[in-house]
Amino acid sequence: MKEIGLNAIITKYNVAAPRYTSYPTVPFWENSSFNSGDWSVQVHENYTLSKERGISIYIHLPYCESLCTYCGCNTRITKNHQVEDPYIQSVLKEWEMYKVILGSEAVNISEIHLGGGTPTFFQPESLALLINGILAGNKKASDAVFSFEAHPANTSEQHLRTLYDLGFKRLSLGIQDFDERVQFVINRHQPVEDVSRVMDQARAIGYESINFDLIYGLPLQSPLSVEMTVQQSLLMSPDRISFYSYAHVPWIKPGQRRFTEQDLPVGEDKLNLYKIGKRMIEEVGYKDVGMDHFSKTTDKLFIASREKKLHRNFMGYADRYTPLMIGLGVSSISDVWTAFAQNVKTVEEYHTFISEGRLPVVKGHLLNEEDVVIRQYILDMMCRSKVNLIVGFQLNTAIIARLQALIVDGLVEIDQYTVTATEIGKSFLRNICMAFDERLQRSKERENLFSQAI
Ligand SMILES: C=Cc1c2[nH]c(c1C)Cc1[nH]c(c(CCC(=O)O)c1C)Cc1[nH]c(c(C)c1CCC(=O)O)Cc1[nH]c(c(C)c1C=C)C2
Ligand SMILES: C[C@H]1O[C@@H](n2cnc3c(N)ncnc32)[C@H](O)[C@@H]1O
Ligand code: SF4
């Protein structure tokens, strides 16, 4: 940090940068050399090698009753609940196709995560049908973790009970912001009382880990409004807090054009909102476990972080590594470590593929040897702020040159065996990972793919 001051660092590094939920990141996958036949082989082979460790299942449930204008997720907005049953039938058929690929034995299921969209858009009975269908004929691992995302506005006590009885012990509530003016521009009307009701019910039922999603950088947010949101959240004492940087990508999400860009806090102002929230969250005892994520010391996410077992996948940080992740439903991503695949993005295409008995994967990437090493490095940097260099794998000179520039700016330290983020560097993990990201660096196309790093 001798060369330039912190403000200059912020300006310099506030460039478009991936969130590194995968490597290679989705825009740099080689889709042209991918097909669903190769994918099936990859799934089968990797499953054969790791089946005793169990598989993770991610199920994308895209429906929401109304659109929050900031939303970056794959959604379908409707108030028509007739869509529930056909969607669940298609997901179960997709799972049957995977079961054929995995083999005839019962599958050991170690994780199920319901994401969205809004899983609680679905009636409790529909969710029970879905989960019972997934589990039928398979084994639930003794230490299985089932979790779901819930919208406080439509999460009933019946949802919480039904899912708990099906084995769900964790949930994540979309909070985002409690300020009325902000809620108005993001089209999300959500009184604190709604959230506190869901919290009380979930605790009474016995949920072990409850996460709050908050966002900084939303339109009209101010230091005061963020302080208020964080304060009200802390009063409800969630076990984890995800404090996300708002990703502004209106070219992908036209809903984000519905508010005035001038109302967005950017650069130093945005970082200041983060600092305010972080300070308040840490003051009451939560620990920073990785980019955007805070955890009570009693929560398994913190324990995984302390034991250096943190993992990162498409949903963010996780407290365990599962070698095989099967994503079901629209836009879901599957990951078998040496290959990724993503499903079609619209509900219509999805139903068409499924009704024709075809796996709905249309994009994907088979990792080469270099990809696998860089993937491990980026994962280590994102999860442990430190990379253990693999002996015998020569970092190419371009990566070294980019790391040198980060040393000069005080973001990393390097020795023969390790690359370590400095305290300041920990706020710029996305930028540090970009130094390793050969596929991004080799490409000319970079703007209009990712949101800004800050
Ligand atoms: C709730 C579920 C999910 C969220 N994101 C994903 C899921 C399943 C999956 C996902 N997220 C991103 C990608 C692109 C690949 C990558 O960069 O590794 C995928 C497949 C990154 C991403 N996430 C958001 C945006 C706008 C982008 C692309 C651009 C960028 O990297 O900035 C928005 C967003 N979605 C989710 C979160 C938590 C989030 C922002 C914090 C949820
Ligand atoms: C799953 C979680 O993803 C977060 N989320 C959704 N869209 C965005 C975005 N554009 N930027 C940052 N976070 C977002 C919300 O906090 C939601 O609860
Ligand atoms: S934030 Fe949640 S409820 Fe809002 S549109 Fe996105 S997925 Fe739907």
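1. Ligand 2. In this predicted model, the residues that surround ligand 2 are Tyr 70, Cys 71, Gly 72, Cys 73, Gln 176, Asp 213, Ile 215, Tyr 244, Ser 245, Tyr 246, Ala 247 and Gln 256. Backbone atoms take part in the polar contacts listed here. A polar backbone atom of Tyr 70 is 2.9 Å from a nitrogen atom of ligand 2. For Gly 72, a backbone N or O atom lies 2.9 Å from a nitrogen atom of the ligand. Ala 247 also has a polar backbone atom 2.8 Å from a nitrogen atom of ligand 2.

2. Ligand 3. The shell of ligand 3 consists of Cys 64, Ser 66, Cys 68, Tyr 70, Cys 71, Thr 75, Gly 117, Thr 118, His 151 and Arg 188. Sorted by class, this shell has 4 nonpolar, 5 polar and 1 charged residues.

3. Ligand 1. There are 18 residues around ligand 1, and the closest are Arg 19, Thr 21, Val 26, Ile 333 and Ser 451. Here side chains supply polar contacts. A polar side-chain atom of Ser 451 is 2.5 Å from an oxygen atom of ligand 1. In the side chain of Thr 21, an N or O atom is 2.8 Å from an oxygen atom of the ligand, and for the side chain of Arg 19 the corresponding distance is 3.3 Å.

4. Two domains. The protein is divided into domain 1, made up of residues 1–24 and 368–454, and domain 2, residues 30–348. Their C-alpha centres are 26 Å apart. The size of an interface is often expressed as the accessible area lost when the parts come together. Between domain 1 and domain 2, about 2,300 Å² is buried, and carbon and sulfur atoms give 59% of that area. In terms of residues, 24 of domain 1 are in contact with 26 of domain 2.

5. Polar and charged pairs between the domains. Across the interface of domain 1 and domain 2 there are 9 residue pairs in polar contact and 2 salt bridges. Which elements give two or more residues to the side of domain 1 that touches domain 2? They are helix H1 (6–13) and helix H12 (369–384). H12 provides the largest share, 7 residues. By class, this side of domain 1 has 12 nonpolar, 7 polar and 5 charged residues.

6. Salt bridges. The structure as a whole holds 22 salt bridges. In one of them, Arg 375 is paired with Asp 335, and the closest N and O atoms are 2.7 Å apart. Another joins the side chains of Glu 157 and Arg 161, at 3.9 Å from N to O. Glu 157 and Arg 161 both belong to helix H5 (residues 157–165), where they are 4 residues apart, about one turn of the helix.

7. Backbone exceptions. Most peptide bonds are trans, and most residues other than glycine have a negative phi. Another runs from Gly 116 to Gly 117, with omega near 20°. Gly 117 is in the loop between strand S4 (108–116) and helix H4 (124–135). Asp 292 is not a glycine, yet has a positive phi of about 70°. Asp 292 is placed in the loop between strand S9 (287–290) and strand S10 (293–295).

Note on methods:
Residues are numbered from 1 along each chain as its sequence is written. Chains are lettered from A and ligands numbered from 1 in the order in which they are written. This is a predicted model: local features need pLDDT of at least 70, side-chain atom pairs count only at pLDDT 80 or more; totals for chains, interfaces and linings use all residues. Side-chain values use heavy atoms; hydrogens and water are left out. Domain bounds come from an automatic or database domain assignment. Contact means heavy atoms within 4.5 Å. Buried area is the accessible area (1.4 Å probe) that two parts lose on being put together, summed over both. A salt bridge is a side-chain nitrogen of Lys or Arg within 4 Å of a carboxyl oxygen of Asp or Glu. A polar contact is a pair of N or O atoms within 3.5 Å; within protein, one must be able to donate a hydrogen and the other to accept it, and residues adjacent in sequence count only if both atoms are side-chain atoms. Ala, Val, Leu, Ile, Met, Phe, Trp, Tyr, Cys and Pro count as nonpolar, Asp, Glu, Lys and Arg as charged, and the others, Gly among them, as polar. A residue is near a molecule or strand if one of its heavy atoms lies within 4 Å of it.
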